[in-house]
Amino acid sequence: MTDPAAETVTIDLHGWAHGGEAVGRLPDGRACFVARALPGETVEVRVTAVHKRHATAQLVRVVTPSPHRVDPPCPHYDHCGGCQLQHAAPAHQLELKARVLVEQLQRIGRQPSPPVRGVIAPDGAWPDGYRTWARMAVDPEGRLGFRRWHSHEVEPIDRCLLLTDRAQGLRDALGDGWSGAAEVQLTAGDDADVVTVTADPDAPAGPAEPAPDGPHGLAVRPSPRAPATVVRPPATVRVWVGGRTLQASAGAFFQSGPGTAAALVDAVKAVADVRPGDWVLDLYAGVGLLSAALAAAGGAVVAVEADAAAAADAEVNLAGVDAEVRQATVEAALGDIGEADVVVLDPPRRGARPDVCRRIASLGARQIVYVACDPAALARDTRVLVGCGYELESVDGLDLFGHTAHVEAVASFRRAA
């Protein structure tokens, strides 16, 4: 096949990649990744990029559809990159995500029979109407939207089916006059709404000056990692999660919605072997979502969070609870901690990484509970923890981002006897 992009080819799809693409083989033997397709389908594709061992292709036509294929509910789905799985029935989305967890733990984590107990969906509106916050990109005309599939171009979005009614109402109120901004994050709380604007440093007019008025709070930051400056209060929202009210500041990370946050708390509580008097570390603690539940089980919790705003929120959220908040990087905090009974960690998408995992293992905790949002990172770190004397005893998948390829996992490691 001298010019694979010159014509279409028909292939059978058998595999599934963790990025949300079905996988087949081209006539020359290369693995071929096809978005918007499903395992078990025969499809006609046009190859768009060829590499040494694999290729990517655009779906042209489904010749033989999967019985799990459905019509995407969103009219933007063909162009918007925010969702990857709307063409799969919701129940099949869970099956595909469980498959990813198993395969990544086998291939990267070197676990021949990983104890994955499936992927469950949270209670509530899943997979539609579950998000209370969203980061929206801004196109050259100042319209809000999401990046297109594998592109920096922005697909303008006026209505997103993943948003709750309140979050969609905030999107409606914001309109599209956002020239000069690179990103607009909207956060809908139970008591208030906050909009956080990230300025576009390359905009001819300079940093964004948010124009729309409204009852929502407003904060601005010059870059994605910079602290947010409050322009108009309120600077925080409150969210009711599992019988507890939590505060989250403008721009701070929080789970996609209260329903998904509650599902994560329940999953961690179900496996965490916290006993009265235990010393428990909650690493990458955020606003303290998990710390309160760990303390309620009888543990004395040290919550470690690097972000100043999130750590301040955790101080408020954990008032009256047997928990100490330390604003520090995990690496720095672990340098001052010599032991622990239980360690819970919820690192960012890149994972904890091998050096941190080895340091955690040296604490001698009888259990490590690892909350992961990237199966490959979890698999890599599993290999390290197992090499340090821990056994992987269970993995529970959570679909906290319905219609997308992302899957959360709660993995429990037990120190080998």
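1. Is the crossing of H7 and H8 right-handed or left-handed? The crossing of these two helices is right-handed, a term used when the near helix is turned clockwise from the far one by less than a right angle. The axes of H7 (residues 354-361) and H8 cross at roughly 35 degrees and come within 9 Å. Axes are lines fitted to C-alpha atoms, for helices over the stretch in contact, with angles from 0 to 180 degrees between N-to-C directions. Helices (H or I, at least four residues) and strands (E, at least two) are DSSP runs, numbered from the N terminus.

2. The model is predicted: local features need pLDDT of at least 70, side-chain atom pairs count only at pLDDT 80 or more, and totals for chains, interfaces and linings use all residues. Residues are numbered from 1 along each chain as its sequence is written, and side-chain values use heavy atoms, without hydrogens and water.

3. Helix H8 (residues 375-387) also packs against H1 (residues 90-107), at an angle of about 35 degrees and with the axes 8 Å apart. The crossing of H1 and H8 is right-handed. In contact (heavy atoms within 4.5 Å) are Val100, Leu101, Gln104 and Leu105 of H1 with Pro375, Ala376, Leu378, Ala379 and Thr382 of H8.

4. Arg415 lies in strand E22 (residues 408-415). Beyond its neighbours within four places in sequence, Arg415 contacts residues including Ala361, Cys388 and Tyr390.
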